[in-house]
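Subject: Structure handover

Hello,

Here is the structure I promised to pass on. My notes follow below it.

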Amino acid sequence: MADQPSSSTAADPWFQNLFAERIGGAKYGKGTEIYKFEKIKRAKRKALAEHPERKLLDFGIGENDDMAAASVREVMKKEIDKVENRGYADNGIANYKEAAAEFMQRQFGVKLDPITEICHAIGSKPAYAMLPAVFINPGDVTLMTVPGYPVAGTHTRYYGGEVHRLPLLEKNGFFPDLDGIPADIKKRAKLMVINFPNSPTGAVATKEFYKKVIEFAHQNQIVIVQDAAHILLTFSGEPFSFLQMDGAKEVGVEVHSMSKGFNMIGWRLGFVCGHPKIVQAFADVKDNSDSGQFMAIQHAAAAALRNPEIPIQIWEKYRRRIKKLVDALNAVGFQAKMPGGSYFLYAKAPISAGELKFQNAEEVSTFLIHEQSVCCVPWDDAGPYLRFSATYIAKDEAEEDQLMKETVERLGRLKLQFA
Ligand SMILES: Cc1ncc(COP(=O)(O)O)c(C=O)c1O
C-alpha cells in the first residue's frame with residue numbers, strides 16, 4: 001500500500017493503513033476523543049481512589065440487577081443436558097417462536113404466525129445491526145430518534161447510508177416531529193426506528209402517534225422498526241404493542257427482547273415480528289451472520305414467555321424503585337416525573353451548583369461523581385438531561401430506602417439549581 005497516503009507511525013502494526021473507513025481508516029485507534037461511558041468509568045475510578053470510604057451510589061447501570069427467575073433457570077439446567085440441543089439453531093426453534101406467538105396473543109391480543117411472522121435474534125442488539133442490511137444502500141437514509149439506542153444508525157452508516165436525527169423534545173411530549181422532516185430526507189429515507197416505551201425519556205406511545213407513524217410510512221414509503229425492549233415496563237396504562245394498531249403489520253416490524261422484562265439480559269435472546277416479507281429478509285441476513293442462539297436458552301426463554309407472573313414481578317419492583325427515585329430527586333430540586341415506562345428516570349440537569357455553572361449534562365454527571373460519588377448517565381442530544389437507573393444494587397426494600405436517604409443527603413449538599 002506504498003502509494004496510499006499514510007498516517008502510520010513506526011509503532012503501528014503493518015496493517016494500520018488497511019482499516020476500513022467506516023471505523024476510521026488509517027486513523028483507527030488514534031483518536032483522542034473519549035466516549036461518554038469511558039469518561040464515566042474513569043470518573044468512578046477516580047472517585048473511588050480519592051474517597052475509598054465513600055460508597056458509590058450507582059444509578060448509571062442500565063442492566064437488570066436480578067438474575068432470571070428460578071423456574072427459567074431450572075428449565076435451562078434440564079435442557080443443557082439434552083443431546084438434541086447441541087447443534088446449530090439457525091433461525092430459531094419452533095418452541096421459542098410458538099411461545100413468542102402465544103406471548104404476543106396473550107399480552108397484546110396480536111395474532112402472529114410463528115413460522116412466517118416471527119424470527120429469533122441473539123438479543124435485540126444484533127437485530128438492529130442486521131436490519132439496515134435488509135434495506136440500506138449507499139445514500140439511503142434511516143430516521144433515528146435521539147437520544148436513543150444508536151445501533152441501527154451505526155450500521156446504516158456502515159452500509160454507506162445516512163442517519164437523520166429526530167430529536168425527542170420535552171415540549172413535544174418526547175415524540176419526534178414527523179412534520180418537520182425535510183422533503184429531501186423523506187424522499188431518501190427507507191427506515192424509521194422508533195422506541196416505545198422510550199429509552200431514556202420514558203415516553204410511551206399514544207394511539208394517535210402510532211396512527212400518524214403508519215400514515216407517514218405509507219405516504220413516504222418508509223419501513224418502521226419499533227423497538228419494544230422496555231415494553232413490559234410500562235407504568236402508565238397497559239403495555240401497548242405497535243402491532244395492536246390497524247395496519248401496523250403492513251408497514252414494519254416490532255423487535256422484542258428477553259432482557260429487560262424477563263431479567264434475561266445476558267442470555268441474549270429476542271425476536272423480530274411483523275410483516276412476513278421483512279421477517280423473511282431479516283432471517284436471510286441473519287442466516288448469513290450467525291447460526292442461532294443455543295437451543296437450551298431458547299427453551300428456557302420459551303418457558304419465561306409462557307409465565308405471565310415473571311414480568312409482573314419485575315414490573316412491580318422497578319415501578320416501586322422508580323417512584324422512590326422520583327421522590328428522592330425532587331427532594332433536592334429536580335423536577336422528576338414518573339416515566340410512562342422503562343426503568344430509567346430522565347430528568348432535566350441542574351444549571352449550577354452554588355457558584356459553579358454547568359455547560360451541559362456531561363459536566364454535571366462528572367461533577368456528581370467527583371463531589372459525591374453519585375453516578376448517573378448524561379444525555380445532551382436534545383437538551384441537558386440526566387438518566388438515573390432503577391437497576392441499582394440493593395438487596396431489599398430497607399436497603400433501597402437507605403440508599404434513597406443517602407442520595408438525598410449527598411445531593412442536598414451540592415446546592416443544585418435548576419432552570
Ligand atoms: C432501547 C433499547 N433497545 C434495545 C436494547 C438491546 O437489548 P438486548 O440486545 O439486550 O435485547 C437496549 C439495551 O440496552 C435498549 O436500551
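Strand 10 (residues 352-353) and strand 11 run antiparallel, joined by 2 bridges. Please keep in mind that this is a predicted model.

Within that pair, Ala353 sits opposite Leu356 of strand 11. The two strands belong to an open sheet of 3 strands, ordered 11-10-15, with antiparallel pairing. Strand 11 (356-357) and strand 15 (416-417) are the edge strands, and each of them pairs on one side only.

Next, a helix pair. Helix 1 covers residues 36-50 and helix 12 covers residues 361-372. Their axes come within 9 Å and cross at roughly 20°. Angles under 35 degrees count as roughly parallel, so helix 1 and helix 12 are roughly parallel to each other. The crossing of these two helices is right-handed.

Which residues in helix 1 and helix 12 meet? Helix 1 contributes Lys36, Lys39, Ile40, Ala43, Lys44, Lys46 and Ala47. From helix 12 come Glu362, Ser365, Thr366, Ile369 and His370. Sorted by class, this contact has 4 nonpolar, 3 polar and 5 charged residues.

Best wishes

Note on methods. Residues are numbered from 1 along each chain as its sequence is written. This is a predicted model: local features need pLDDT of at least 70, side-chain atom pairs count only at pLDDT 80 or more; totals for chains, interfaces and linings use all residues. Axes are lines fitted to C-alpha atoms, for helices over the stretch in contact, and angles run from 0 to 180 degrees between N-to-C directions. Helices (H or I, at least four residues) and strands (E, at least two) are DSSP runs, numbered from the N terminus. Angles under 35 degrees count as roughly parallel, over 145 as roughly antiparallel, 65 to 115 as roughly perpendicular and the rest as oblique. A crossing is left-handed if the near helix is turned anticlockwise from the far one by less than a right angle, and right-handed if clockwise. Two residues are in contact if their C-beta atoms, placed from the backbone, lie within 7 Å. Ala, Val, Leu, Ile, Met, Phe, Trp, Tyr, Cys and Pro count as nonpolar, Asp, Glu, Lys and Arg as charged, and the others, Gly among them, as polar. Two strands pair if DSSP finds at least two bridges between them.
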